[in-house]
Amino acid sequence: MRLKIALAFVVLLVASALTSANASAAGSSYYVDCSAASGGNGSQAAPWNSLATVNAHVFAAGDRVLFARGVTCAGQLKPSGSGTGAAPITVDAYGTGSSRPVVAGGGTVYAAVHLYNVQYWEIRGLEVTNQGAAVAERNGILVELADFGTGSHYVVDNVYVHDVNGGDTKNSNGIQFRVSGTTTPTHFDGVTVENSEIYRVDREGLTTSSSWGCRAIYACTSGPVWTANTGIVFRNNRIHDIGGDGIVLRIGADAVVEHNTAYDIWMRSAGNNAGIWTINSDRTLVQYNEVYRVRRPCCNDGMAFDSDGGNRGVIFQYNFSHDNEGGFVLFCGCSSGWSTSGTIVRYNLSINDKSRILYAAGESAAQIYGNTFYIPSGSSTKVIEDNGSASTKATWTNNVIYNLGTGGYDQVANHVFRGNLYYGNHPSSEPADPYKSIANPLLAAPGSATPDGYKLGPGSPALRTGLNLVGSSPKDYFGGPVPVACRPDIGFHQRSTFDDTACAGTNLIPAGAFESVKLGPAPASAEQVVTVQPSTTYVLSGWGRVSAYDTEIVIGAKAFNGTSEVRAPSFVNTTWRGGSVTFTTGPSATTAKVYCFTRAGAGFGYCDDLTLTRQSP
């Protein structure tokens, strides 16, 4: 009997412990109603009634801070405590109806919502303002880490930030994730801002920043060493009536900026601004965004997109840009010592962008392919405007350049043009292109306002006439598949069907000739003579990467038509990327020499899986 009682007691203890643990993991709910006459204990029946009470509490994993719908809390929300990966702390709304709870800074606080040196927080459903009597540096939502180390898991979802009259500095934002301090390497790991609206804010809309940005390609040799923010996702946000920049991604690695709409940008700032841009970052992916009505009241910028200084491997794809006063895209390795390289611009649509399609101010190995650019009659928009530095090198392939205006091309000698379709007016500066077409692409409804109007029509000369690009995007702007072995359509729309298996050719490079070849420091090369047919077009493809930011490796072919030589765009990324180049042999050619060549830098270049095949019909 005593044994049964003892066992029962143990079971009760275990059950009690489990219940206590579950309660702790689940956290507690705290209610805030700033319209309540008196402050309670934080229960729904007796809610807290001030932000000061919220800020005085240290929250724990799994806690929920719930604000009453339709009620305004004046001042600053600056809570304490951190959640965990399994149990983040959540700020959300409670009550009936659709009105949001409002946190109104009133311009008396630096940030209306300020998360400082905490992690595992989610903010949902709030309306946030911070309008002062006079302009000053201030923010709507500021998430800040100062000498913290790694801060993880931040979600801002379905918030409405508006009326923040910040000063004309880049520390004034609608929403910013900021790293400050100089003693402990610090970065964000896991940030999502989605389904939110930012309206009538100065100077910037949605941004990241960091004091830990020093590296050589950003012209910095001493200071807090570059420590990238990771896991950054800005998705499905609406950003408009912004004094300066729309979205800015600084000091990040592998960030994703997608499905955002940004318009009415650069409405008040006196400096240079753009729609969506990234700086001092690696492999930022900017896709499925629409940017329009970026103003250019002065200065140089005013474009939809910008790959700025110190970037490596940025990709802009599947974006829709229109009616921007400063143009479509900027490459800006444009300050002394800055190095920007490996930017890819593919499968985008630009309609009626002003000034220029590309403002070229510094990029050493860009690729621009599979885009459609429409310049209407009466426009003076240039296809390329160089800033005078002649420091941009880009390869243009398979683009539809529908130019009814008078604008031309600057510094074409620094660029490579292959397989583009140039329709409309042909300025004297239009580049020589060995595979060019000047035929009417037969777009569905050129001059219309929506992307469907720029699809290729039946019988278009752009069908199946593009050059093969190994390692390119697997799909077009509309999500349709893009061929690898078969020849693609030209422009942002792949209309043609294809069978890559039927188009695949025989590799003329002997097996094992270019398998994980390591070359460096520069100059260093590996070569192979291959047998070819005269007057025949071939595609050389392969993969490459580098070990250091100052290093470039290329694949190429030479001695196929006298002294002719071609190269694929340089590989400049530390991760593997594909590349290819097309060439046509001379009338008496029987051999060609293919190669990998580390052409610059103190590091090593790697090439792999080189193939040489006849171009498919």
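## Terms and model

Buried means under 20% relative accessible area, exposed means over 50%, and partly exposed lies in between. The model is predicted.

Most residues other than glycine have a negative phi, and most peptide bonds are trans.

## Cis peptide bonds

Asp202 and Arg203 are joined by a cis peptide bond. Its omega is near 0°. Arg203 sits in the loop between β14 (197-202) and β15 (204-210).

A cis bond also runs from Ala522 to Pro523. Here omega is near -5°. Pro523 belongs to the loop that links β39 (517-519) and β40 (524-531).

## Positive phi at Tyr347

Tyr347 is not a glycine, yet its phi is positive, at about 55°. The residue lies in the loop between β29 (344-346) and β30 (349-351).

Is Tyr347 buried or exposed? Its relative accessible area is 5%, so Tyr347 counts as buried. The cut-off for buried is under 20%.

## Positive phi at Gln411

Gln411 is not a glycine either, and its phi is positive, at about 50°. Its place is the loop between β36 (400-403) and β37 (416-418).

Which accessibility class does Gln411 fall into? Gln411 has a relative accessible area of 38%, so it is partly exposed. That class spans the range between the 20% and 50% cut-offs.

Key
Residues are numbered from 1 along each chain as its sequence is written. This is a predicted model: local features need pLDDT of at least 70, side-chain atom pairs count only at pLDDT 80 or more; totals for chains, interfaces and linings use all residues. Side-chain values use heavy atoms; hydrogens and water are left out. Helices (H or I, at least four residues) and strands (E, at least two) are DSSP runs, numbered from the N terminus. Buried means under 20% relative accessible area, exposed over 50%, partly exposed in between (1.4 Å probe, protein chains only).
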